[in-house]
Amino acid sequence: MTVLRGRLRGKRIIVLGVLGAVLALAGIAEAVLRYSTADRMADRMSRRLDADLTVSLGGTPVLVQLARGSFPHVEVEGSDATFRNFTGVSFDADLADVVREDGALRVGSSQVRAELSAEAIAASVASRGAGDGDGANGGLLGGGSGGGGGRPGLVVTTDPASGQLVAHAGPGQLVTVAMRPRIDGEALALDRTGVSVGDRPVPDRVADRWLAGLPRSLDLSELPLELRPDTLTVTDDGLRMDLKGERATVRK
């Protein structure tokens with residue numbers, strides 16, 4: 001009897017050991033497959049967004065998602081992305097109902113939170129309002145010397161309390177232009193609220209002449225994933241923009 005119990009106990013240990021090994025192998029296979037699938041998806045999206053991406057595939061086992069041919073919830077984190085007129089954008093995206101079909105990724109809907117730094121805003125405004133270097137506006141944006149597309153004379157700071165951006169330009173950055181950003185359809189509108197030189201306000205008619213080439217809005221149309229801006233917040237570091245997208249396709 002004692003011998004029989006010992007044999008049964010030995011068989012039980014063997015079975016449990018085999019099950020443990022199978023589960024361990026399944027866990028390793030899941031981890032490898034999850035990583036490779038997410039990496040391929042990130043590579044495809046990064047080409048479209050020109051960004052460094054990290055992709056997470058939700059809690060459902062990847063084997064199940066691959067068998068279904070769809071991913072119900074995909075999270076994407078990106079940095080140094082290019083969004084239309086802005087570069088160096090960081091964002092978090094939630095993609096719903098992602099389906100692999102005909103060599104493409106079809107996304108059912110998406111929600112994105114993007115962080116636009118003050119430096120990125122300054123670069124975008126300066127590139128749009130660079131002018132030809134003649135007249136007051138060219139000097140204000142150019143800030144004197146400096147080559148290439150960048151305009152080192154233009155600096156943008158934020159005032160979250162008033163919900164405004166403040167551009168500093170001109171010699172010694174003594175010219176300040178206060179702007180209240182807002183969403184206007186598929187554009188980022190920059191409503192000018194005041195211009196001053198040092199502590200002295202500049203009359204509107206003079207400011208209009210000085211800043212004739214300064215953009216009043218920045219285009220946000222034709223964004224990836226059919227995204228459209230929804231809400232906007234001025235932060236300590238720049239702008240936080242929430243965007244929503246409907247059905248879209250990401251091709252190779």
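Partly exposed describes a residue whose relative accessible area lies between the buried class, under 20%, and the exposed class, over 50%. In this predicted model, Arg 216 has a relative accessible area of 48% and is therefore partly exposed.

Arg 216 meets Asp 208 in a salt bridge between their side chains, with a distance of 3.8 Å from N to O, and Asp 208, at a relative accessible area of 38%, is partly exposed too. These two residues also belong to a network of salt bridges in which they are linked with Arg 192.

The salt bridges in the structure come to seven in total, and among them are the following pairs.

| Asp 242 | Arg 113 | 2.8 Å |

The salt bridge of Asp 242 with Arg 113 joins distant parts of the chain, since Asp 242 lies in strand E12 (residues 238-245) and Arg 113 in strand E4 (residues 104-117), 129 residues apart. Asp 242 is buried, because its relative accessible area of 19% falls under the 20% limit, whereas Arg 113, at 40%, counts as partly exposed.

Glu 186 is partly exposed with a relative accessible area of 32%, and Arg 228 is partly exposed at 44%.

Terms used: Residues are numbered from 1 along each chain as its sequence is written. This is a predicted model: local features need pLDDT of at least 70, side-chain atom pairs count only at pLDDT 80 or more; totals for chains, interfaces and linings use all residues. Side-chain values use heavy atoms; hydrogens and water are left out. A salt bridge is a side-chain nitrogen of Lys or Arg within 4 Å of a carboxyl oxygen of Asp or Glu. Helices (H or I, at least four residues) and strands (E, at least two) are DSSP runs, numbered from the N terminus. Buried means under 20% relative accessible area, exposed over 50%, partly exposed in between (1.4 Å probe, protein chains only).
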